[in-house]
Amino acid sequence: MHWLLGRKKKEKEEEEAAAAGFGSDLCMGFLPHAATMFSCVGCFWVLLSSTLVAVCSFSFISPAWIVKEQLRSNHHHHHHSNKDSVSFGLLWHCSESLDHMYRCYTFGGLGKFAEIPSSSWQTSAVLCSGGCALLAVSSLLAIISVFLPSGGCERRICGLAGYVQMAAVFIMAVGLLVYPFGLNSSLVRSFCGDSDIYNAGECQIGWGYMLAIVGVMLTVFLPFFAKYAPKEQLSPTPLPTLL
């Protein structure tokens, strides 16, 4: 009798062990897929962050925020009007010289920030450069989070990077909105004619300014990806709760 009870108890334990093994195998087959999914989001987040840092930096140093193409008029084979092409950036001023060579110069030379022709452009330069710096810091945090194990530390790093990216978006957007206020400066008017705030006159918006706008618009999505970037391991659901 005792032998029969012991055999039934042993068979029951083997069945429970087999069921637990099946459940663990099922969960182990599911968890790598979930971890891979979250890793893909994190990798895409890191790639997009790094790309937008490059876009931001390239647009920041671009001299083509406000441009004017060369205008020439010819009457009776004589040039009565001759206006050379010119372009302005945050820190650069490019124009065509008398020998038809296109040369670029910094405003007042390096280290002379106060000689930027407009206080609005000075403010925009500070805000845009600060936003680019914050975006670079957040990109570094994103890269670090990829190599961290799943857990609270990784979630905190991703959360911090997301907040930094939100601040970068706000700062750079304000910088881009402030920049057109400098179109009424005397230097811009000397080349663009009757230009005013948010009115470029004879000039037009260049590719550098448009690239900066596109970069800020894409940066808006980075905090969203930062929320889903952590490699969270989904714990298996206990078997009794399914019954």
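# Close-up views of a predicted model

**View 1. A salt bridge joins the side chains of E202 and K68.** The side chains of E202 and K68 meet in a salt bridge, with 3.0 Å from N to O. E202 sits in the loop between α4 and β7 while K68 belongs to strand β1 (residues 66–68), so this pair ties together parts that lie 134 residues apart in sequence. A salt bridge here is a side-chain nitrogen of Lys or Arg within 4 Å of a carboxyl oxygen of Asp or Glu, and by this rule the count comes to 1 salt bridge. E202 counts as partly exposed because its relative accessibility is 45%, whereas K68, at 7%, counts as buried; buried means under 20% relative accessible area, exposed means over 50%, and partly exposed lies in between (1.4 Å probe, protein chains only). The model is predicted, so local features need pLDDT of at least 70 and side-chain atom pairs count only at pLDDT 80 or more, while totals for chains, interfaces and linings use all residues. Residues are numbered from 1 along each chain as its sequence is written, and side-chain values use heavy atoms, with hydrogens and water left out.

**View 2. The chain is built from helices and strands.** The chain has 7 helices and 7 strands, which follow the pattern α-β-β-β-β-β-β-α-α-α-β-α-α-α when read along the sequence. Helices (H or I, at least four residues) and strands (E, at least two) are DSSP runs, numbered from the N terminus. Of the 243 residues of the chain, 35% count as buried.

**View 3. Y198 takes part in a nonpolar surface patch.** L177, F181, I197 and Y198 form this nonpolar patch, and together they have about 390 Å² of accessible area. Patches are made of residues with over 30% relative accessible area and no salt bridge, with like charges joined within 9 Å and nonpolar side chains (Val, Leu, Ile, Met, Phe, Trp, Tyr) within 5 Å; the accessible areas come from the Shrake-Rupley method with a 1.4 Å probe, and for residues only the protein chains shown count as cover. Y198 lies in the loop between α4 (186–192) and β7 (204–205), and Y198 has a positive phi of about 60° although it is not a glycine. Most residues other than glycine have a negative phi.

View 4. A search of the whole structure finds 1 cavity of 30 Å³ or more, and about 110 Å³ of space lies in the largest cavity. A cavity is a set of points, on a 1 Å grid over the protein atoms alone, where a 1.4 Å probe fits but cannot get out, and lining residues have an atom within 4 Å of a point. The largest cavity is lined by 16 residues, of which C56, S59, C132, M172 and A212 lie nearest its centre. The elements that give two or more residues to this lining are α1 (2–61), α2 (119–146), α3 (152–178) and α5 (207–219). The lining divides into 13 nonpolar, 3 polar and no charged residues, where Ala, Val, Leu, Ile, Met, Phe, Trp, Tyr, Cys and Pro count as nonpolar, Asp, Glu, Lys and Arg as charged, and the others, Gly among them, as polar.

**View 5. S120 and F181 are separated along the chain by 61 residues.** The C-alpha atoms of S120 and F181 are 5.9 Å apart in space. S120 lies in helix α2 and is buried, with a relative accessible area of 16%.

Methods. On a 1 Å grid over the protein atoms alone, a cavity is a set of points where a 1.4 Å probe fits but cannot get out, and a pocket is an open set with protein on both sides within 12 Å along at least five of seven lines; lining residues have an atom within 4 Å of a point. Grid points are joined across faces, edges and corners, and a volume is the space filled by probe spheres set on the points.
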